Each structure stands twice: as structure tokens, then as C-alpha cells.
Amino acid sequence: MSFGLALAIDCGLAFIADTRTSASIDEISVRRKMFTWHREGEWCVTLIIVGDPVVAEQTKKAADKILRRSSGRGRFSSLFEITELIGKSAAAAMEIENTAGCTMILGGQVNGEKPRLFQIYPQGNFIEATPEVESFAVGETKYSRALILTRYEPNLNKKEAVDLIVGAMEMTLRCNLSVGLPADIHFYETDSLTIGDERRLEDLDGFPSVLHALRPYRSSLPNPVLADRGQDFFDLLRELRSVTKKLSSYIRTINDRDVATADIRAARAYVDAFQEFLDIDGSNPPETIPVEIKNGVIESLKRIDWAKFSSEARQWAEWIMNIIPRLF
């Protein structure tokens with residue numbers, strides 16, 4: 001599978017496409033799927049091709065011939081004309097090869113008209129972006145759709161648009177191994193009629209992580225259960241999280257069979273479960289933690305002879321057993 005995306009915004013067009021063509025146990029291959037041509041001062045066109053590799057290569061060659069030899073046939077009247085010619089070439093290649101063909105995104109600008117964006121289907125027919133449908137995605141599209149719907153605005157600036165398409169790529173990469181880096185991006189600026197910011201991304205360093213940006217959202221929500229608690233309560237809760245994490249990490253390091261008894265293993269299971277509940281959210285209500293886990297932590301820690309372990313571990317265990325009844 002593949003992933004390609006293009007956005008139409010007021011200040012231009014933003015494109016991104018991955019390069020992975022196969023991903024098996026012993027082979028990962030890549031192929032460029034985004035191509036850009038221009039004739040200075042006349043037109044600029046970007047094409048993303050996703051689908052059968054043979055048809056994709058033939059379509060790319062046909063597009064190259066159409067665009068590079070344009071001077072011999074006069075100027076293009078519109079981007080619609082270019083889209084129609086490339087669509088017919090793709091359909092012909094699909095018929096010759098007898099395959100499922102390719103789906104494409106074509107965008108750019110011809111002098112005398114505004115930037116335009118089209119999606120071309122394997123049969124050669126196509127649709128154009130409108131104010132109601134302002135973006136096209138091809139390949140593995142489902143993972144990034146929600147992000148585009150919630151963050152797209154026609155008045156995005158260049159940085160915001162590039163961050164959005166890279167974020168869409170990040171979500172797709174995380175969810176599907178058939179999509180992979182490196183990725184190609186191109187940002188075409190309205191009325192420039194030349195290639196804009198075009199580069200290959202070997203990684204996503206330097207771009208804000210979409211998933212990281214979403215994580216603080218939960219803890220920023222008001223929590224009615226904790227709304228009336230005093231500062232002392234929050235201080236104790238934060239300290240409980242910290243010391244529980246320390247004890248959990250310590251118990252995990254115990255490998256000596258003489259001391260790693262069934263009681264230690266039980267304590268580790270309870271403490272780990274308790275820690276997961278505490279760390280779900282910065283304001284997670286203690287009341288939501290199952291009572292059997294809270295009681296299990298205290299009872300399991302009481303059964304352990306802490307003299308065999310470090311003084312810090314004994315202090316952490318005593319503190320946890322002391323504070324849980326005060327918080328719950």
C-alpha cells in the first residue's frame with residue numbers, strides 16, 4: 001500500500017507521498033511516487049502516482065513526455081487539459097497491462113488561472129477539489145482522515161500546511177507498515193509558476209509530533225471529582241505516583257531466586273497495576289482505581305520482609321501503605 005496527500009489552501013498547494021513499494025520479512029523496497037515539472041512563468045505541475053508499479057512507471061513516462069514536449073504543441077490552456085491528457089495515458093497503460101492501474105493526485109497552476117487540484121482514477125476520469133472537498137488522499141487514507149477534517153482551514157499558512165501533511169503521514173506510518181519513509185514533500189506557492197519547497201524526508205525530526213501534541217489534552221480537561229480537593233491532596237497524589245514508580249522499578253530488578261519469592265512477584269503485579277491507574281492521567285480520580293487493587297497493594301507489601309532489601313525500598317513501601325488510606 002502507499003500514502004499520498006495534497007491540500008489546497010489559499011496560499012498554495014501542499015503535497016506529500018511515501019516511497020515504500022513493498023515490505024516483507026526479508027525485503028523492503030522504495031520508489032519515488034511524487035514528481036514535479038515546470039516551465040518557468042507558464043506552469044508548474046506536481047503528480048503523485050499510487051498503484052501498480054508497472055502502470056505507474058508508464059504513466060510517469062507519459063506525463064514526462066506530455067509536459068517536457070509542451071513547447072512543440074503550444075501552451076497549455078488549463079490544468080484541466082493537462083489532467084485529461086495524463087488521465088488518458090494512465091487508462092491506456094492500465095488496459096495494456098491488464099492490472100488494477102493507478103490512482104493519482106495532480107495539482108499545480110497554469111498561467112492565467114488559479115492553482116487547481118485533481119484526483120485521477122485508474123480509468124482516466126477525474127474530479128477537481130472544491131471548497132467542499134479541499135484535499136485528496138490516495139492509498140492508505142483512513143488513518144489520517146480525522147486529523148485533516150479537524151485541522152484543515154483554507155487560510156493555513158505554509159508552515160501550518162506542511163506540519164499538517166507531515167502529521168498525516170506520521171499517523172499513517174504508525175498504523176500501517178506498508179507505508180514507509182523516506183517521504184517526498186512539495187509546497188507550491190500561488191502564482192509562483194515554479195517549483196517551490198521540494199525535499200525528501202528521511203525522518204520526521206524537526207516536525208511537531210501529532211501524537212505527542214494530543215497527549216496533554218486529557219489532563220487539561222476539568223475533572224469534577226478532583227475540583228474541590230485542596231493543594232495538600234494534589235501534592236500527596238503526585239508524591240504517591242513518584243514513589244510507586246520507584247518501588248515498581250526496584251522490584252523489577254530483583255532476580256535473586258532466594259529473595260524473589262512469590263510474595264515479591266505478587267507485590268510487583270499489584271504495584272504495577274496500581275501504577276498504571278495512577279499514570280493514566282495527571283488528574284486521574286483515585287476513586288476510579290478498583291478497591292481490590294488498592295487493598296492488594298497494601299496487603300502484598302505487608303507480607304514482605306523488607307530487611308532483605310534496601311532501606312529506600314522499605315521506606316517507599318511504608319510510605320505507600322501509609323498514604324493510600326489517607327487518599328482513598
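**Exercise 1. Give the strand order of the sheet that contains β5 and β9, and state how its strands pair.**

Solution. The open sheet consists of five strands in the order β5-β6-β7-β8-β9, and the pairing is antiparallel. The edges are held by β5 (34-39) and β9 (126-128); each has a single partner strand, so one side of each is left without a neighbour in the sheet. On average, neighbouring strands of this sheet are turned by 15 degrees against each other, direction ignored. The model examined here is a predicted one.

**Exercise 2. Describe the pairing of β5 with β6, and find the residue opposite H38.**

Solution. Step one: β6 covers residues 43-51 and pairs with β5 in the antiparallel sense. Step two: six bridges join β5 and β6. Step three: the residue opposite H38 is C44, in β6.

**Exercise 3. Which strands does helix α1 lie across, and which strands does helix α2 touch?**

Solution. Begin with α1, residues 53-68, which lies across β5, β6 and β7 (102-110). The direction of α1 runs at about 5 degrees to β5. Next take α2, residues 79-97, which packs on the sheet and touches β6, β7, β8 (116-120) and β9. The direction of α2 makes about 160 degrees with that of β7.

**Exercise 4. Work out the order and the edges of the sheet that contains β10 and β12.**

Solution. This open sheet has five strands with antiparallel pairing, in the order β10-β1-β2-β11-β12. Its edge strands are β10 (135-139) and β12 (197-201); since each has a single partner strand, one side of each is left without a neighbour in the sheet. Neighbouring strands here are turned by 10 degrees against each other on average, direction ignored.

**Exercise 5. Follow the pairs from β1 to β2, from β2 to β11 and from β11 to β12.**

Solution. First, β1 (residues 3-9) pairs with β2 (residues 12-18) in the antiparallel sense over six bridges. In this pair, I9 stands opposite G12 of β2. Second, β2 and β11 are joined by seven bridges, again in the antiparallel sense. Here D18 has A183 of β11 as its bridge partner. Third, β11 and β12 form an antiparallel pair over five bridges, where F187 stands opposite D197 in β12.

**Exercise 6. How much space lies in the largest pocket, and which residues are closest to its centre?**

Solution. The space in the largest pocket is about 370 Å³. Of the 18 residues lining this pocket, those closest to its centre are A8, I9, D10, P115 and A129. The elements that give two or more residues to the lining are β1, β2 and β8.

Conventions. Residues numbered from 1 in each chain as written. Predicted model: local features only at pLDDT ≥ 70, side-chain atom pairs only at ≥ 80, totals over all residues. Heavy atoms only, no water. Pairing = 2+ DSSP bridges. Helix = DSSP H or I, 4+ residues; strand = E, 2+ residues; numbered from the N terminus. Axes fitted to C-alpha atoms, helices over the stretch in contact; angles between N-to-C directions. Contact = heavy atoms within 4.5 Å. 1 Å grid on protein atoms, 1.4 Å probe; cavity = no way out; pocket = protein on both sides within 12 Å on 5 of 7 lines; lining within 4 Å. Points joined across faces, edges and corners; volume = space filled by probe spheres on them.
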